[in-house]
Each structure stands twice: as C-alpha cells, then as structure tokens.
Amino acid sequence: MTAPSTASPTKNTPPTATGANNKPVGTDSPAASSGGGATPTNNAEPAPAAQTCDGFVSFDDLYSRMQQDLARQDADDRLFLRYISLANRLNQGACAADLEFDRLALVKTINSVSTDTSVVIPRAVGSDGALLRIDLRDLGWDEPIVVDGNAFTDKWEAIISASEFAVEFEGDQADDIKLDTNTLVPVLNADALMDVALKNNLYYEMLGIAESEDELLEQLGIDEEGQEEQGLVIRAGTSQSRLSRQPTVLERLELENRVGFYWSRYDLADETAGQSIFANPLGFQEDAILTIFSLPNGFNAYVIFDGAGVRQTETEVVLDPDEAEMENSVSCNGCHAAGLNPVTDEVRDYVRANSRDFNADEFEEIQESFLEQAEIDATLRGDAQLYQSALARSGLDQLKIDPVEAVYERFDGDVDLAVAAGDLGLTPDELRKDLNFLSQQVDPQLSVLRGGSLLRAGFEELYLPALCALSITSDNRPSAAACAEVGQ
C-alpha cells in the first residue's frame, strides 16, 4: 500500500457486514483463516482422548534406547542425530491414538520450521512410539543461527536454549551420547519443542526470515513493481474478515525463485480513522501486515509486520478468532489448518458502482488487480492445493483439527498431577507418593498437585529442582552443575 488516502467519502456507503456485537461475519481472507474450501478450524478441539493406558518409559529407558540406536548409526552421522520424546505423554496415561496425534503435531511442527525441500518424517526408535529420531541435515537445522543477538552452532542448540525442559543429563549412557552427538541435550519432549520453535524470534530465525517486508521480498526474489507492470498482482478487499473489525485488503504476489505463493493482508487498527479501502483501495496506510508464503517443502510460513513493514512477533491490530492477541506463528496454525480460505472481494463491484469517484487511471488499475470473483477463487484453490499436497505427504491430510494448535494449547494449560508426572519421568501414582518429599525438598507449591494444578509458568520454574531431587538414584540424572544452580 502507498501513502494515506486523502479521498473524500464516496456517495454510496462502502459494504459492511456485522453480526452480534458488531463483529464481522462471513468468509475470511487467505491471510486470516484456513480453507481452500475446507471448513475453518479456528477453535481447535482438544486432542482426541483415548482411554488411559499403562505404558511407562523412564529417563534411563530413553537414554538406553538412544545409546543402542546410535550404536547402529555411522559415526559421521551421529553428530547430526537428535531425539524427540513422547514418553512424557505415555507416562501421563496416553494411549496409542494420543501418541499418534502428538506425533503428527510434531511432523507438522518440524516441517513448518524446515528450510529443506523435502517433507521429513521422524523415525521411530522402538515399537511404542515414545522416542523419535531426526537428522538435523534433513531439515536445514545443522546451520548456524543467531537469535536475539545470541549465536548458536546449529538450530537445535537454539531450540534447547529456549526451553526450560531441555536439561543436560550425566551418567555413563548420557555422557556417551553427548560425545556421539556433540550436544549437551540430545533429546527434548515433543510438546516442549513445539512450545518454543513456533514463536518469537526463534521461529523467524529458524526459517531465516528477514527483519523487514522489503528485505523478505528481496530474499524471496519477488519484484513487486515488475509483477505490477506485468499484471501478476491479485488483490481482494473485504469487510467480512473474522479477525478484524475493519475492512482489509489482500494481495497476492508470485514467488519468483520457486513454486508457491505470497499472500499478505493489510489491516487498519480499530482506532484508525479517516481511511477507507473502498475510497482508496490502493492508497491507504495500513497499521499491520500479515503475510503467509510457501516454504520450499510446501508448508506455510507466517510473518507479522507493522505498518512500516518491520517484523513483529505479535500484533493487537488483528485478533485471533478467540479475540486474543495475534502471536506468530502459533495463532496462525489453527486458522490455516487446511491452507487458505475463500475470500469474497467487495472492492471491484464497489468501484464499478462508484466509478465517478475515481479517475480513469485509478479505475483501470483497480479493475486489473481486483479480479473477477471466479479468477480469485481459482487462484486460491490452486494455492491451497500446494499446501494440502504437503499435508498429504506428511500424513496430516485426514485430520479434522489442527494438531499443532491442540498440542500447543494443551501444553500451555494448567499442569495437573498426571502432566507433571509425565514431564518428571514418573507415573502419576509415583509422583503422588513423592509429593510430601518434593514439598519439603523443593517448594511447598508442589503439594497443590495432590488435588489441583499449577500454572505452566509456575511449574517451569520448579521443574529442574524437582527433577534433580527425584533423580538422585537414577543411572542418568540432571548434571550436578545444573542442579547446583537451582539449589539441589
């Protein structure tokens, strides 16, 4: 978009569509929802709950499995192998169906922060699905990375640095594994990985996304002016977005260095006055830009920019469907569970009906870029198919809800006895027996778990001290240095 509009109000009233409480209703924009003709999945249901099962995998079991698995790999490959655990879910009482749902969430997560052209499926280590192996090279995670001024030798190191649940263990097996893999933390729970890898600046740096809109366009080889001259730019304007109370304009550019799409939505803040996408659809000054574009493997990348085109991790200009602040990219996964939603353009017909309010050049440019609805629909279907093809290659195409959003929200929720036990490598019954000891040795707050729950943030602070206290007799246990730092 260009400079702020100075056009006077038009004679006909611009389209509006509101429901109860003056909230917009109707179809959504491609940078605001899921779709490609699929039913939007904004309010993700919880992960499917199976009956409680009795599987259990201790930390010692995990390290034994990793050691045996590494012994079967070439020495040169071991440096790039990492492990992701679902054992905490198994220990909570999850059954095979639950683990499969979490595995699919992990598949989507790692491919959503991959810079490689292939879709990667983690390899199972063992028959119960509790431990999975990845190769950093398959995802482009073996590259150095800088996050918030901190340099890391590879992207795995950046991930474990961001997680409170990434703990260095020591012991004969743990020490051997650290040497083989050249990392202090070779394994991380799947939900803990999802919690950090898909948000904040870590998400952007995992994908190498530039810090400004102009830099990102250059990075992707997109010549916006050239595409404008060639008539390749497609736009749509709607007053019916579920994510904004103001009308929004959508714009599509071609990816010029690979197959894929680049859609952006341009939004005005609720308090912004004196501008209209209908009076000046090419010339208003937006307050936020939300962009979605294709990754090399066909998955989606999401970016939030402010009105000046500077990269942001969150925005209050556009809200997620639950009226919460939009946080990249965790707020985007559920809305885009199936890719792109249809959008009904209102600008083209409005400008036609009010042609006297536009000079000949403006009218022609608007008609050229705000296409007939059939052309917009066909473009969106084609773009959605690219993403849906990536989902199919990952085994995610049959899910009715987004697994990433469901697992993320579950992990971010309150921590009860079963959840705490799983994270601590115990069964719920074992943790219940240890609560008095932990309340005395670590913090009295942990006694709340006997019949209540802790906030996730509160449990994170107590996690390492509790793990240290519980692991004294284990063969593999948190490092003495790490325990000393938390007074254990």
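**A first look at helices, a sheet and ring pairs**

Helix α9 (residues 200-207) lies across strands β12 and β13, running at about 125 degrees to β12. Please keep in mind that this is a predicted model. The points below begin with the sheet, then turn to aromatic rings and a pair of helices.

**The sheet**
- Six strands form an open sheet in the order β8-β9-β10-β11-β12-β13, and their pairing is antiparallel.
- β8 (234-238) and β13 (311-312) stand at the edges with a single partner strand each, so one side of each has no neighbour in the sheet.
- Strands of a sheet pair through backbone hydrogen bonds, either parallel or antiparallel.
- Strand β12 (residues 300-306) pairs with β13 in the antiparallel sense over 2 bridges.
- Across from Q312 in β13 stands I304.

**Aromatic rings**
- The count of aromatic pairs comes to 10.
- In the pair of Y203 and Y204, the ring centres are 5.7 Å apart and the planes are at 55 degrees, so this pair is tilted.
- Y203 and Y204 are both buried.
- Elsewhere, ring pairs link F165, F411, F459 and Y463 into a cluster.

- Helix α6 (residues 155-162) packs against helix α8 (residues 190-197) at an angle of about 95 degrees, and their axes are 9 Å apart.
- That angle makes α6 roughly perpendicular to α8.
- From α6, W156, I159 and A162 meet L193, V196 and A197 of α8.
- The residues of this contact between α6 and α8 divide into 6 nonpolar, no polar and no charged.

Key:
Residues are numbered from 1 along each chain as its sequence is written. This is a predicted model: local features need pLDDT of at least 70, side-chain atom pairs count only at pLDDT 80 or more; totals for chains, interfaces and linings use all residues. Side-chain values use heavy atoms; hydrogens and water are left out. Axes are lines fitted to C-alpha atoms, for helices over the stretch in contact, and angles run from 0 to 180 degrees between N-to-C directions. Helices (H or I, at least four residues) and strands (E, at least two) are DSSP runs, numbered from the N terminus. Angles under 35 degrees count as roughly parallel, over 145 as roughly antiparallel, 65 to 115 as roughly perpendicular and the rest as oblique. Contact means heavy atoms within 4.5 Å. Ala, Val, Leu, Ile, Met, Phe, Trp, Tyr, Cys and Pro count as nonpolar, Asp, Glu, Lys and Arg as charged, and the others, Gly among them, as polar. Two strands pair if DSSP finds at least two bridges between them. Rings of Phe, Tyr and Trp (its six-membered ring) pair if their centres lie within 6.5 Å; planes under 30 degrees apart count as stacked, over 60 as edge-to-face and the rest as tilted. Buried means under 20% relative accessible area, exposed over 50%, partly exposed in between (1.4 Å probe, protein chains only).
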